[in-house]
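Please look over the sequence and the structure shown below before reading on.

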Amino acid sequence: MLQRPEAEARAQLLDVHRYEVALDLTRGDEEFASRTAVHFTAREPGDTFVEIKPAALHAATLDGHPLDPAALDGNRLPLTGLAAGPHELRLDATMRYSRTGEGMHRFTDPADGESYVYTQLFMDDIQRVFGAFDQPDLKAVFELTVTAPPTWTVLANGRTEQLPDGTWRAAATPRISTYLVAVAAGPWHSVRTEHAGLPFGLHCRRSLAPHLDADAEELFDLTRRCFDRYHRIFTEPYPFDSYDQAFVPEFNAGAMENPGLVTFRDEFVFRSAVTDTERQTRGMVIAHEMAHMWFGDLVTLRWWDDIWLNESFAEYMGYQVLSEATRFTGTWTDFAVARKGWGYDADQRPSTHPVAPAPKDVPDTASALLNFDGISYAKGASALRQLVAWMGEKDFLAGINDHLARHRFGNATLADFIDSLARATDRDVHAWAERWLRTTGVDTLTPTLVEDAGTWHLDVAHTGSRPHRITVGAYDPDPDHTDRLTLRDRFDLDVPADGDPARRTFAQAAPALVVLNDGDLSYAKVRFDPSSWETVARALSALPDPLTRAVVWNAARDLVRDGELAPTAYLDVARDHLPHESDLAVVQGVLAFARTQIADRYLPPEARRTALDTLTALSHAILRRTEGPGDGPEAGLRLTAVRVLIDSATTAEAIRGWLDDGSVPGGPALDHELRWRILGRLAALGATTPEAIDAELTGDQSATGREGAARCRAALPDPAAKQAAWDALFTADADAELSNYLFTATATGFWAPEQQDLLRPYVARYFAEVPALAARRGPALAKAAGRYAFPAACVEEATLRLGERCLAEGDPTPALRRALDDQLDDLRRALRVREARANAEG
């Protein structure tokens with residue numbers, strides 16, 4: 001791993017100008033050839049190193065003089081005795097393809113046997129493709145040529161052309177960071193258009209062609225609208241020569257902001273029915289990655305402690321621009337339900353960190369990689385949203401444009417960013433940044449309502465360290481519609497970071513419900529006064545604004561997680577109000593929390609069946625409400641309810657008939673996704689066979705079909721099936737190791753909550769074997785092993801003790817340690833919630 005002091009010293013020594021890279025992708029399925037020429041200047045005499053991780057380093061020369069390939073130490077080739085002045089370094093190597101989504105990933109599509117490769121070079125994986133001075137502040141121009149099989153198309157950061165000899169040449173890039181270089185090659189299915197004088201392209205595997213074609217106009221429309229909106233927001237024009245979006249297989253992230261060639265996980269090419277909220281999520285990712293073209297690509301962080309400058313900004317702009325420029329106007333409701341909790345959860349764990357951590361806390365690339373979490377994305381975006389509410393959007397955007405103009409094609413720091421904002425406003429942005437960006441934890445805002453002789457007073461107590469500008473909503477029953485609440489008043493309130501609680505007085509009777517942070521413009525947990533909670537329990541679905549309802553649902557979620565509201569009480573509110581909820585994002589978010597956290601983790605095994613029955617009844621109520629034809633919001637609600645019905649089934653009879661009939665009564669028809677979901681549930685219940693799984697795979701010879709089959713086989717409650725799945729996960733030979741996606745599919749099928757007795761012996765095995773797996777297979781698989789293969793279904797003190805021993809004695813890699821830290825903290829919380837429930841009932 002690269003240490004920060006090493007990077008700082010190298011940046012002082014070197015000025016890197018240009019890379020000439022030649023890749024040969026015709027050498028077979030395991031390896032490819034890589035030749036690199038790096039042109040750079042040493043500002044003074046000195047020693048340094050270049051990074052490369054080859055299968056074999058065949059030759060290296062510096063200014064025409066040979067270097068000893070045997071001098072390669074791990075991933076570093078020393079460059080000693082550099083004279084001041086210009087230099088040329090040449091490297092000739094054979095590199096390995098990846099099966100874990102790192103470096104140059106290679107995938108063969110089981111649907112048609114076609115192969116595809118693409119790069120994912122973040123954060124320090126360019127070394128797996130070609131040699132480089134691999135740090136973000138040594139920007140350079142990149143010139144790439146690629147030799148590929150004759151039926152392949154090659155995509156890169158710049159426009160590509162095929163030369164007469166069959167090789168492909170990409171246009172030279174502007175100065176960009178090493179981690180942003182991108183290549184994607186294969187027999188792509190491509191759809192192309194032009195906008196604003198630039199070529200735009202969409203690309204996917206050939207087997208997904210019909211599905212991409214079906215959505216191409218929607219994808220281009222979103223891209224054009226977001227592109228035009230960014231050009232109204234930013235004074236700097238789009239800085240690259242084309243805009244390609246490639247949907248690539250087995251991608252670890254949602255997407256990657258490679259300039260000119262954004263790569264997305266190809267699950268975003270929908271091959272089965274999806275809800276409109278899922279389409280909105282895809283649109284947000286498009287807008288998020290496009291924001292990076294300016295914030296991250298044009299202006300790049302100097303070191304990884306400022307990763308939030310990339311991700312928080314893109315997260316905020318993704319939601320904001322999508323809501324302003326497209327038909328998806330409810331994006332902030334989705335953010336409140338689907339993303340905000342991610343930030344709150346991460347910020348309450350021992351592994352929390354500031355949005356902008358101190359330089360000493362990010363000493364190397366391994367520690368930096370751990371900060372790609374709910375804090376850098378969701379909390380950071382929430383902080384920016386609060387900043388906009390506090391300083392005003394006009395001044396905020398003026399500061400952003402000043403920042404982009406000052407640092408275009410260069411690197412910048414938090415201090416640079418805050419200085420630009422400060423120049424645009426008379427607000428004390430530096431003090432704001434110290435309170436919001438340099439601190440950890442979630443503040444809590446608690447209201448107290450006092451009635452006194454026809455007036456009421458609102459006191460807001462504040463636990464935490466940040467000032468908040470919030471909106472408060474006061475609601476009463478609608479006198480003309482008993483099934484509605486009406487907004488009596490909405491007002492802004494400044495809650496100080498310290499000192500006396502905020503107070504407001506009103507010359508009228510107290511409202512039935514007071515909602516703090518109505519509109520969700522700040523980042524804080526909110527509570528209710530007793531009368532307001534009674535109104536919530538009775539009339540939550542009667543609130544007129546979906547974003548207000550999302551804030552209330554989030555507050556209820558936090559109450560459950562903090563042991564202040566019984567999980568069954570949350571289910572009661574969901575049962576009473578979710579069948580009347582019209583916002584799809586709210587329905588999906590509430591059901592996901594109820595199903596995966598409350599039913600599977602927060603309630604003890606003996607109460608789980610009742611919780612699943614409640615979710616089943618709730619889902620049936622949504623189905624009854626959504627009967628009839630149509631492809632609008634009702635269809636999305638119906639699809640969501642069907643998914644939950646499948647996942648909550650406690651007997652095979654409830655869902656087997658759907659699989660046999662190929663349809664749910666009243667719709668929808670079963671597509672591949674729903675068929676695998678049903679078969680997976682039947683497998684967990686012990687109600688299907690390996691032969692039935694094989695038969696289903698015969699009808700779906702796709703990559704997702706292969707993943708579905710792996711998930712189903714691992715879910716079978718059979719000792720031999722469990723042992724086979726375990727061997728595939730942990731003990732397979734190198735040539736039989738699972739790809740990142742097949743590993744995840746197998747792991748998620750393995751730990752079925754219904755199978756506690758069968759699974760319990762594997763808990764100790766997990767903690768004994770996972771450190772070696774993580775060390776052997778690298779950070780991406782380590783993260784997957786910590787997240788998906790963790791025995792989350794076994795909510796027991798024994799699991800906690802084994803996990804703590806693994807952290808203390810097992811020497812896990814940094815990526816695995818962080819994943820285990822988080823999982824064990826979630827386990828402690830689940831045990832506390834169960835204990836609080838038991839104490840309340842006892």
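Are D822 and R818 buried or exposed? D822 is buried, and R818 is buried as well, where buried means under 20% relative accessible area, exposed means over 50%, and partly exposed lies in between, computed with a 1.4 Å probe on protein chains only. The two residues form a salt bridge whose closest N and O atoms are 3.0 Å apart, the term standing for a side-chain nitrogen of Lys or Arg within 4 Å of a carboxyl oxygen of Asp or Glu. Both residues belong to helix α26 (residues 814–841), where they are four residues apart, about one turn of the helix.

## Basis of the model

This is a predicted model, in which local features need pLDDT of at least 70 and side-chain atom pairs count only at pLDDT 80 or more, while totals for chains, interfaces and linings use all residues. Residues are numbered from 1 along each chain as its sequence is written, and side-chain values use heavy atoms, with hydrogens and water left out.

## The eight-stranded sheet

Eight strands form an open sheet with mixed pairing, in the order β5-β4-β7-β2-β1-β10-β13-β12; helices (H or I, at least four residues) and strands (E, at least two) are DSSP runs numbered from the N terminus, and two strands pair if DSSP finds at least two bridges between them. The edge strands, each pairing on one side only, are β5 (65–67) and β12 (160–162). From one strand to the next, the twist averages 15 degrees, with axes being lines fitted to C-alpha atoms, for helices over the stretch in contact, and angles running from 0 to 180 degrees between N-to-C directions.

Strand β4 (residues 56–62) runs antiparallel to β5 and is joined to β5 by three bridges, and A60 has L67 in β5 as its bridge partner.

## Charged pairs across the chain

The structure holds 70 salt bridges. In one of them the side chains of R35 and D92 meet at 3.6 Å, N to O; because R35 lies in strand β2 and D92 in strand β7 (residues 85–96), this pair ties together parts that are 57 residues apart in sequence. R35 is partly exposed at 44% relative accessibility, and D92 is partly exposed with a relative accessible area of 22%.

R206 and E114 also form a salt bridge, with their closest N and O atoms 3.4 Å apart. A network of salt bridges links E278, R643, D647, E673 and R677.
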